[in-house]
Amino acid sequence: MTGRASRLAIVLLVVAVVASVCSLLIGSRWLAPASLWSALTDGSDPSAGIAQARLDRTLLAAAVGAALALAGAILQGVTRNPLADPGILGINAGASFAMVVAMAGFGISDLGAYVAVAFLGAGLALILVHAVAAAGRDGATPTTLAICGAAVTAVLASATSAVLLLDRQTMESFRFWQVGTVSGRDLSVLTIGAPFLAVGIVLGLLCIRLLDAAALGDDLARGLGRRVGRDRAVVAVAVVLLAGTATALAGPIAFVGLLVPHAVRALAGPGHRTLLPLCLLGGAVLTLLADTVGRVLLPPAEIQVGVMVALIGGPAFVMLVRRGRTVAL
Amino acid sequence: MSTVTPTLEPSIVAVRSARRRVARRTAYAITGLTVVWIAVFLVRITQGDYLISLPDAVRIIRGAEIPGASYILMESKLPRAVLGTGVGVALGLAGAIFQTTLRNELASPDIVGVTLGASAAAVFGIVVLGQGGPVISALAVAGALGVALTVRALADGHNGYRLVLLGIGISAVMSAVIQYLFTRVDEFNATTVLQWLGGSLSNVEWRAIGLFFALAVPVVGAIAWRSKVLRVAELGDDLRAGLGAGPGSVDALMALAVILAGLATAVAGPVAFVAFLAGPISRALTGGRTRLVAAALVGAVIVVLGDHIGAYLLGDINLPVGIITGAIGAPALIWLIATGRTTRGSR
């Protein structure tokens, strides 16, 4: 690791720890730092319930953020598309539509089944968006991909609300989840999702070599002995695992996968060997901070993490487009 | 003096016949669309789960009282058909004006976030301020204008893909705001808000329709008065300036289009993809010429027909018209991208 990258890693680690502690302390009822330990370990402590709920959402936020940031980074790397993000490319929308259909149409309520359905939806949306964009005259350019993603998101959103209007009960459980939130979920959710996230993260980190080769373009990558089609398939599987699980756990959250890789690349350089691990940390930091700030911004209500991230991410996306670097990565 | 039939040069004859062919094609298209719109309108008010014969419908509208039929026609079928026409015309006009002046088929108000801006402002008014009626219209227009000005300032004169991408970014922020507001309403209002967010003509009263037409008709009139600019704007900035139309005249037309989109959104919610679809469909029918009348008629046909399908496709369930237009519009958008028809004016 270069000096800059290792310095960034240390800073991100410190910030992640501080953000986690803040996430445990801050909320509609603040916990005193001194009483935190007893609240977490001693079940009879009056604050134990709050501390446990906060611990759950802190872990969930960190896991989801890390997964989405890594998914964004490998997606941007393999397609050389700076606008790639599971949210923008319609992957999260695919996962959530599949879940709504499963909930309303088949009465599925088991979380393990949710995750599987989310994978299916995410994978189909990924394939659909890329197939449509690739069919265009100019091929799958970043711009056509982003527009296809927006179109697929639009049609899926319209289909999702049709299903919700048909089924009031599903709407009640879904409308809070649809925003992208980490609150009100207990740890059992994360234990079901964790194995999938772990596989996705390992697979993502194994992509380092192939991503560095892909950065040189398809022809050079082939010259270096890579099988481009197989590489893309590996990345697609990792992205589906990461984004599908994250969506199943916390709802569709856009822009984490867009923002974090760009910020890390700007600070530590484009090599994937440093980029991917730093994205894991950076994604966790972003969602933790967004979730914590969202709790105190408009009391007594909470602003969900998905909304917070979009409020930061939208302007960042605009900046990225305005800089005109829509092709070069 | 003997009358001499002037013999024309063959080239002049060729030009004249070509021009006549275009004019004839446009006239056919507009006549045909008018007929289709009338047919769709009549289907909307007479067909469905409760059939009303046409003579009965005429009698009811002229004041006769037929138990049952009167109520259904006057309180449900007719207002929806009338409002659908109005909203379709407004969105069709707004879309065609955007696409023509920006010279980009993707740059319609619904894709660059103008209608989402209007609905975010309107939902804010409904949910947080507890308002209704004219206040919502004003807020929606303000939201639409705000987003339009923001996107435009950010795009910095690049009307191609950059504008579209910026619109997508702004739309994402707007829909995050809407989603947040959506979680703040109670269970009863949630269905209403969701219906409205889908773009819906149900639950609309005559007063709201009256307000919409009172506000929209002057705007449409102003557009008709200014519409000549459009034919020059279509040629690009340089030619337009050379032909003596200043940038202000185009801006005024765009502002009118934004206001129209905002008004339509205030009364019916963001009916997806009507503004985007009306322009290209009408151009295909008129043989490549942008005619605002044709775009407006296409918009009206799409909305009234979509509302009819949504109301009666699934038995008792009243699907918002926006879900139907979204289901038609998104594949059309994808097809447009896939066939590479959007490369015009890219950059």
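Good morning. I begin with A:Phe255, which is found in the loop between H11 and helix H12 (256-268) of chain A; helices here are DSSP runs of H or I with at least four residues, and strands are runs of E with at least two, numbered from the N terminus. The model before you is predicted, so local features need pLDDT of at least 70 and side-chain atom pairs count only at pLDDT 80 or more, while totals for chains, interfaces and linings use all residues. Residues are numbered from 1 along each chain as its sequence is written, chains are lettered from A and ligands numbered from 1 in the order in which they are written, and side-chain values use heavy atoms, with hydrogens and water left out.

Let me return to the opening residue. The phi of A:Phe255 is positive, near 80 degrees, in a residue other than glycine. Most residues other than glycine have a negative phi. A:Phe255 counts as buried because its relative accessibility is 3%; buried means under 20% relative accessible area, exposed over 50%, and partly exposed in between, with a 1.4 Å probe and protein chains only.

B:Phe273 is not a glycine, yet its phi is positive, about 65 degrees. B:Phe273 sits in the loop between helix H11 (247-268) and helix H12 (274-286) of chain B. With 7% relative accessibility, B:Phe273 also counts as buried.

I turn next to helices of chain A. Helix H11, residues 228-250, has 23 residues and reaches 32 Å from its first C-alpha to its last, close to the 33 Å expected at 1.5 Å a residue; the expected span is 1.5 Å times one less than the number of residues. After H11(A) comes A:Gly251, with a positive phi near 85 degrees.

How far apart are the end C-alpha atoms of helix H1 (residues 3-25) of chain A? They are 33 Å apart, which agrees with the 33 Å that its 23 residues should span at 1.5 Å a residue. The buried residues of H1(A) include A:Ala5, A:Leu8, A:Leu12 and A:Ser23. Those buried residues pack against H2, H3, H12 and helix H13 (272-297) of chain A, where contact means heavy atoms within 4.5 Å.

Within helix H2 (residues 33-41) of chain A lies A:Leu40. A:Leu40 counts as partly exposed because its relative accessibility is 24%. Leaving aside neighbours within four places in sequence, A:Leu40 is in contact with A:Leu24, A:Ala51 and A:Leu55. From A:Leu40 to A:Arg322 there are 282 residues in sequence and 47 Å in space, C-alpha to C-alpha.

Now to a pair of helices in chain B. The axes of helix H4 (residues 114-127) and helix H5 (residues 134-155) of chain B come within 7 Å and cross at roughly 140 degrees; axes are lines fitted to C-alpha atoms, for helices over the stretch in contact, and angles run from 0 to 180 degrees between N-to-C directions. The contact involves, among others, B:Gly117, B:Ala121 and B:Gly125 of H4(B), together with B:Leu139, B:Gly143 and B:Val147 of H5(B).

Is B:Ser119 buried or exposed? B:Ser119, which has its place in helix H4 of chain B, is buried, as its relative accessible area is 0%. Not counting residues up to four places away in sequence, B:Ser119 touches B:Ile178, B:Trp196, B:Thr265 and B:Pro270. The C-alpha atoms of B:Ser119 and B:Met174 are separated by 8.5 Å, although the two residues are 55 apart along the chain.

My next topic is the nonpolar core, meaning a set of buried Ala, Val, Leu, Ile, Met, Phe, Trp, Tyr and Cys residues joined through side-chain atoms within 4.5 Å. Which residues touch the most other members of the largest nonpolar core? Among its 197 residues, they are A:Ile74, B:Val87 and B:Phe212. Helix H3 (residues 48-79) of chain A gives the most to this core, with 14 residues. B:Val87, leaving aside neighbours within four places in sequence, is in contact with B:Phe212, B:Ala264, B:Val267, B:Ala268 and B:Val271. There is also a second, separate core of 9 residues, including B:Ile52, B:Ala57, B:Ile60 and B:Ala81.

B:Leu239, in helix H10 (residues 237-242) of chain B, is partly exposed, with a relative accessible area of 46%. B:Arg59 belongs to helix H2 (residues 54-61) of chain B and is partly exposed at 45%. Thank you for your attention.
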